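This report goes through the fold, the packing and a few individual residues of one chain. The sequence and the structure come first.

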Amino acid sequence: DDICPGTTQTTPRLVIEFYDLTSPDELLQVPGLFALGLGAEDTEVPINNEIVTTRSSIALPLKTDAIETEFILYKSYDIVDGEVIGNPDRIKVTYDYVNVYVSRACGYKTTFDIQTFAITTDSDQWMISSEILITEITNENDIHVKILH
């Protein structure tokens, strides 16, 4: 029996860091950051192990059987009296993907090549602009996209 070591890199997630719009080289935490995936017909899809927390980066899983993935990223997310509050912005990532053989025990992992990264414009947009820093998503040690807010 082969066992895949826990240290073996699996399919990497898209890593985004958030920066200050007025000082683009300074990290700026997003209060109450929370992410949801978007499925067919804009159904909200929970992301495994995603929690509401103030942070300056987030790692998001891309679909391994499609060429685009959409997310809603909330700033100041909370639930009050059963109602979701906060400021949601929508992002869409398009990419090419390749399944890479790792080993018999580990099987395959998927790597991605970002084609586009877009923030949907809305009347209360908190994410102002983005920049793709690294197009190839082969590990989670790199920052792939920078967002100014």
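Of the 149 residues in the chain, 36% are buried, where buried means under 20% relative accessible area, exposed over 50%, and partly exposed in between (1.4 Å probe, protein chains only). The model is predicted: local features need pLDDT of at least 70 and side-chain atom pairs count only at pLDDT 80 or more, while totals for chains, interfaces and linings use all residues. Residues are numbered from 1 along each chain as its sequence is written, and side-chain values use heavy atoms, with hydrogens and water left out.

## Overall form

The accessible surface of the chain is about 8,600 Å², and carbon and sulfur atoms account for 47% of this; areas come from the Shrake-Rupley method with a 1.4 Å probe, and for residues only the protein chains shown count as cover. The C-alpha atoms fill a box of roughly 50 × 35 × 30 Å along the principal axes.

The secondary structure consists of 0 helices and 11 strands. Helices (H or I, at least four residues) and strands (E, at least two) are DSSP runs, numbered from the N terminus. The pattern along the sequence is therefore written β-β-β-β-β-β-β-β-β-β-β. Among contacts between residues at least 6 apart in sequence, 55% join residues at least 24 apart, a contact being heavy atoms within 4.5 Å.

## The nonpolar cores

In soluble globular proteins, nonpolar side chains tend to be buried together. A nonpolar core is here a set of buried Ala, Val, Leu, Ile, Met, Phe, Trp, Tyr and Cys residues joined through side-chain atoms within 4.5 Å. The largest one has 24 residues, of which Leu14, Ile16, Phe18, Leu60, Leu73, Ile91 and Phe117 touch the most other members. Two or more residues each come from strands S1 (14–19), S2 (30–38), S5 (57–60), S6 (68–80), S7 (83–103), S8 (107–119) and S11 (145–148). S8 gives the largest share, 4 residues. A second, separate core has 6 residues, including Phe34, Leu36, Ile72 and Tyr77.

Phe18 has contacts in several parts of the sequence. Beyond its neighbours within four places, Phe18 is in contact with Leu27, Leu28, Val30, Leu33, Ser56, Ser57, Ile58, Leu73, Trp126, Met127, Ile147 and His149.

## Strands S1 and S5

S1 and S5 run antiparallel and are joined by 4 bridges; two strands pair if DSSP finds at least two bridges between them. Ile16 has Ile58 in S5 as its bridge partner. In a regular strand the side chains alternate between the two faces of the sheet.

## Individual residues

| Residue | Relative accessible area | Class |
|---|---|---|
| Glu41 | 80% | exposed |
| Asp81 | 77% | exposed |
| Thr53 | 29% | partly exposed |
| Glu70 | 17% | buried |
| Asn87 | 13% | buried |

Glu41 lies in the loop between S2 and strand S3 (44–45), and its phi is near 55°, a positive value in a residue other than glycine. Asp81, in the loop between S6 and S7, has a positive phi near 50° and is likewise not glycine.

Glu70 belongs to strand S6. The side chains of Glu70 and Arg90 make a polar contact of 2.9 Å. Such a contact is a pair of N or O atoms within 3.5 Å; within protein, one must be able to donate a hydrogen and the other to accept it, and residues adjacent in sequence count only if both atoms are side-chain atoms. Leaving out residues up to four places away, Glu70 touches Leu36, Gly37, Leu38, Arg90, Ile91 and Lys92.

Asn87 is in strand S7, and its side chain reaches the backbone oxygen of Asp124 at 2.7 Å. Apart from neighbours within four places in sequence, Asn87 is in contact with Leu73, Tyr74, Lys75, Asp124 and Trp126.

Thr53 is in strand S4 (residues 53–55). The C-alpha atoms of Thr53 and Phe34 are 7.0 Å apart, with the two residues separated by 19 residues along the chain. Not counting residues up to four places away, Thr53 touches Val30, Gly32 and Leu33.
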